[in-house]
Amino acid sequence: MRPSIMAAQDTIVARATAAGAGGVAIVRLSGPRSWAVGRALLPWTARRPIIPRRMELGLVVDPASGEAVDQALAVFFRGPHSYTTEDSVEIHCHGGSACVWRVIGLAQAQGCRLAGPGEFTMRAMLGGRLDLTQAEAVGRLAAAQSDIEARLAMAMLAGGLGRALGPARQAIVAAAASVEAAIDFPDDAPELAGPAQATALEDGAARPLAALLAGTVGRAAYWEGAKVAICGRPNVGKSSLFNALLGRQRAIVSERPGATRDVVDEVLILGGVACRLADTAGLGPAADELDRLGQERATSFLADCDLALVLLDGSRPLTSADHAVLALCQDRPRLLVVNKADLPPAWQPSALGLGPTLAISATSGLGLNELARAVAEALCQGAAEPAPGEVVVNARQRAALGRGLAFVRRAVAELGRPEPRPELISLDLAGALAALGEVDGQGAPDEVIEAVFSTFCVGK
Ligand SMILES: Nc1nc2c(c(=O)[nH]1)N(C=O)[C@@H](CNc1ccc(C(=O)N[C@@H](CCC(=O)O)C(=O)O)cc1)CN2
Ligand SMILES: Nc1nc2c(ncn2[C@@H]2O[C@H](COP(=O)(O)OP(=O)(O)OP(=O)(O)O)[C@@H](O)[C@H]2O)c(=O)[nH]1
Ligand SMILES: [Mg+2]
């Protein structure tokens, strides 16, 4: 078994705050030796009893040389009253990376091991503070970029999803118990009460799982963010729009067509959704090799984006290159955006015959708020923004619950047959339980747990 999921014997150390210089950085220790190590590095704590959870000021000292390496605040937590549920110590040192790494190095010299990604939270889960849904929520809170993602993670941290899965699991376990009895004692066990059990399983498990899945419709972008490409023929103002939405001059703008070559992307919040917005090279007949390479990058980003903003220049007649871009995007999610609305129009958008268009001006800012709202609406297919406290599952959880629901439905169907075959039902119910376990961690294999924590940063 990999060390991370083994019962925690060792004491781990990591910086809990982001890499790079900052005002203050937190180095956190957790595990059975954390207090001893903390005492060794913080000599003032040896002189009087430690009061758990009280922040105190003192020097961090290298026990080998006696050198004071930082002035810091420190807090000792006595398990289980700590984040990890283990004994732990936080040293709040000065934020320069030299101080942080010196303190971490001193802890390593005292026998601490560098923590892996998410290892503190994994210990919190093994210690019973959190289930897997809550641990995942913590990871999302630590990385959330949009207010709504943070809101969704807070609802999940409150345990709503774990509580929603409990009754479904109970219904599956109850069905499994009678199915197992029918398999083990075919003569003694009462006949499988097929229709009654089918109804119980349908009401108890299929329905709540289906409701959880229904709540995700149009909501994925709030959890996962979205890739949005600005595309169009050269010179329509793609880079200008990109810069205007971003609020700074990130990409080169030029009156000369063919200014953009590479895909330039940045994350920004549009209508509450964290979007990876990309400015791309203008599409059209390639003038040279560089142009061709740039357009290749543009089309490959376009091929896997969630939404394309097809930009047209309203001040110039449409060209064959515009029509080629429209054709390229006709079968994918897209918004038609007509730029340069500050200039006299050269054509009527209604003449396109392609449905609604948005009029904007990248240079004057006209229509940009409406565009941001339209982006979110298109990405979320008009679904309502999640309310505070509302539990919405993320993509990983949705995939697992979808599999679980399919298993439950097969078991329900089999139970509804004139002579249900208990062996088949048993397999399906086991599959359903495994799928639920992937979400809340109950009975989940190590690989699943590790995959969730591997997305965490070190120190969380
Ligand atoms: N400095 C610091 N800030 C932090 C954390 C941390 O560990 N340290 N957290 C995490 O990374 C988050 C807060 N989560 C926490 C959850 C529980 C406990 C804890 O010690 N619980 C005890 C005591 C509860 C109480 O006094 O009310 C317990 O539940 O027994 C600490 C942090 C965010 N901010
Ligand atoms: N009047 C007006 N000019 C604009 C507007 N948006 C962009 N422009 C001008 O149009 C020209 C081209 O702008 P870019 O943003 O570089 O166009 P692009 O689509 O990125 O061009 P390529 O990178 O070559 O494909 C520049 O001279 C911009 O100042 C607008 O809303 N109104
Ligand atoms: Mg450009």
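**Ligand sites and their setting**

Modeller: An oxygen atom of ligand 1 lies 2.7 Å from an N or O atom in the side chain of Arg 28, which is a polar contact (a pair of N or O atoms within 3.5 Å; within protein, one must be able to donate a hydrogen and the other to accept it, and residues adjacent in sequence count only if both atoms are side-chain atoms). This is a predicted model, in which local features need pLDDT of at least 70 and side-chain atom pairs count only at pLDDT 80 or more, while totals for chains, interfaces and linings use all residues. Residues are numbered from 1 along each chain as its sequence is written, chains are lettered from A and ligands numbered from 1 in the order in which they are written, and side-chain values use heavy atoms, with hydrogens and water left out.

For Arg 129, the distance from an N or O atom of the side chain to an oxygen atom of ligand 1 is 2.9 Å. Lys 460 places a polar side-chain atom 2.8 Å from an oxygen atom of ligand 1. The residues around ligand 1 are Ile 26, Arg 28, Arg 53, Pro 80, His 81, Ser 82, Tyr 83, Glu 90, Arg 129 and Lys 460; a residue is included if one of its heavy atoms lies within 4 Å of the molecule.

Ligand 2 is surrounded by 22 residues, of which the closest are Lys 238, Ser 240, Gly 258, Thr 260 and Asp 342. The side chain of Lys 238 has an N or O atom 2.8 Å from an oxygen atom of ligand 2. Backbone atoms take part as well: a polar backbone atom of Ser 239 is 2.8 Å from an oxygen atom of ligand 2, and for a polar backbone atom of Ser 254 the distance to an oxygen atom of ligand 2 is 3.2 Å.

The magnesium ion is ligand 3, and its protein donors are Ser 239 (OG) and Thr 260 (OG1), lying 2.0 Å from it. Donors are N, O and S atoms within 2.8 Å of the metal (3.2 Å for Na, K and Ca), and sites may look incomplete because water is not among the atoms. Helices (H or I, at least four residues) and strands (E, at least two) are DSSP runs numbered from the N terminus. Both Ser 239 and Thr 260 are buried, which means under 20% relative accessible area; over 50% is exposed and the range between is partly exposed (1.4 Å probe, protein chains only).

Two strands pair if DSSP finds at least two bridges between them. β8 and β9 run antiparallel and are joined by seven bridges, with Ile 269 facing Ala 274 of β9 as its bridge partner. These two strands form a hairpin with two residues between them, and Gly 271 in the turn has a positive phi of about 55°. Strand β9 (residues 273-279) is mostly covered, six of its seven residues being buried. Strand β7 (residues 226-231) pairs with β9 in the parallel sense over five bridges, and Ala 229 stands opposite Ala 278 in β9. Strand β10 (residues 307-313) and strand β11 (residues 334-339) run parallel, joined by six bridges; there, Asp 313 has Asn 339 in β11 as its bridge partner.

A second open sheet of six strands, also of mixed pairing, has the order β3-β4-β5-β2-β1-β6. Its edge strands, β3 (56-61) and β6 (113-114), each pair on one side only. Strand β4 (residues 68-77) and strand β5 (residues 88-94) pair in the antiparallel sense over five bridges, and the bridge partner of Phe 77 in β5 is Ser 88.
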